[in-house]
Amino acid sequence: MTITTPDDFTHRWRQPPNFSLEVAFDYTFLPAIDVLDHIRRDEEVRFTILGDDDWQVRMDRTAAFRTAPLEGIVTWPFRLVHFNLSRLYDDLLHGFQDEVMIPWRAHLSARGFTWQRLAPILFLSTEGASSTYHNDNSHGLVWQVHGTKTFHSYLAPDKHLSAEAAVIGETTGEEPPEHDAADRQSVVMRPGDQLWSHALTPHWVTTESPLAMSVTLSHGGLCHQGRFSERELALRADWDKNPAEAWTHDLRSVRY
């Protein structure tokens, strides 16, 4: 079921499973290959060279990633993420603030939502690449821009990882643990598709096309008329017990 109305979203956002949605943003990205060429040179980008090649090949590719010819790089298995896109609003993402972030914030605010942070994250990867198996402390509006990815999670996340275990970081690994395929929710995402990924739910993403790009609008501390999501209540309870650690839990997966 795809969520298309504000009332539907308000009803569904508080608890898993993930769901598809449609938000009409009036923004056109540059081609993914151009974004890759620009962003790979940025000092804040994070990338990981993957594959079965030996250690030296991966090290050589890592050293050459920022300057090697693009036609070679897109044949390498890699995953890339950039968390601080606001610094690119004046060039690579010109207009993104006015055409995406401000309208979405206004849309949420008008419907009684508040938040502590709301920021975009950009992901690029090549065919065969997979993210780590992890959970985020934030809700994500995942927007597939170019290529195809499959977003994997669970229909009932509590069966696989409690919110309390997610808070203390018992999730992150290169591969998901063994599980029954019937428990899995795998959503194929093509250009224009959008998905709501719930906070503190384990997930992993695989790339199915030669090059894929997505942007996630990450919502930290999202609250509707005084109510947090079901799983985020565990994070709030942990912060109450450990107030000095409250701001050390950020949206970034350090092992991406």
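1. Leaving aside neighbours within four places in sequence, Asn135 is in contact (heavy atoms within 4.5 Å) with Leu161, Ala166, Thr171, Leu200, Thr201, Pro202 and His203. The residue sits in the loop between strand 6 (117–126) and strand 7 (139–146); helices (H or I, at least four residues) and strands (E, at least two) are DSSP runs, numbered from the N terminus. Asn135 has 12% relative accessibility and therefore counts as buried (under 20% relative accessible area with a 1.4 Å probe, protein chains only; exposed is over 50%, partly exposed in between).

2. On the basis of these values: this is a predicted model, in which local features need pLDDT of at least 70 and side-chain atom pairs count only at pLDDT 80 or more, while totals for chains, interfaces and linings use all residues. Residues are numbered from 1 along each chain as its sequence is written, and side-chain values use heavy atoms, with hydrogens and water left out.

3. There are 17 aromatic pairs, where rings of Phe, Tyr and Trp (its six-membered ring) pair if their centres lie within 6.5 Å; planes under 30 degrees apart are stacked, over 60 edge-to-face, and the rest tilted. Phe9 and Trp196 are edge-to-face, at 4.9 Å centre to centre and 85° between the planes. Phe9 belongs to helix 1 and Trp196 to strand 10 (residues 194–197), so this pair ties together parts 187 residues apart in sequence.

4. Trp196 counts as buried, at 0% relative accessibility. Its ring and that of Phe19 have centres 6.5 Å apart and planes at 15°, so this pair is stacked. Phe19 lies in strand 2 (residues 19–21), so its pairing with Trp196 in strand 10 ties together parts 177 residues apart in sequence. Ring pairs link both residues into a cluster whose members include Phe9, Trp13, Trp104 and Trp143.

5. Strand 8 (residues 149–154) and strand 11 pair in the antiparallel sense over 4 bridges; pairing requires at least two DSSP bridges between two strands. Thr150 stands opposite Thr206 in strand 11. From strand 11 (residues 204–207), Trp204 and Thr206 point one way and Val205 and Thr207 the other, and all are buried. In a regular strand, side chains alternate between the two faces of the sheet.

6. A separate point concerns an open sheet of 3 strands, in the order 5-13-14, with antiparallel pairing. Strand 5 (113–114) and strand 14 (227–228) are at the edges, each with a single partner strand, so one side of each lacks a neighbour in the sheet. Strand 5 pairs with strand 13 (residues 223–224) over 2 bridges, and Thr114 has Cys223 as its bridge partner in strand 13.
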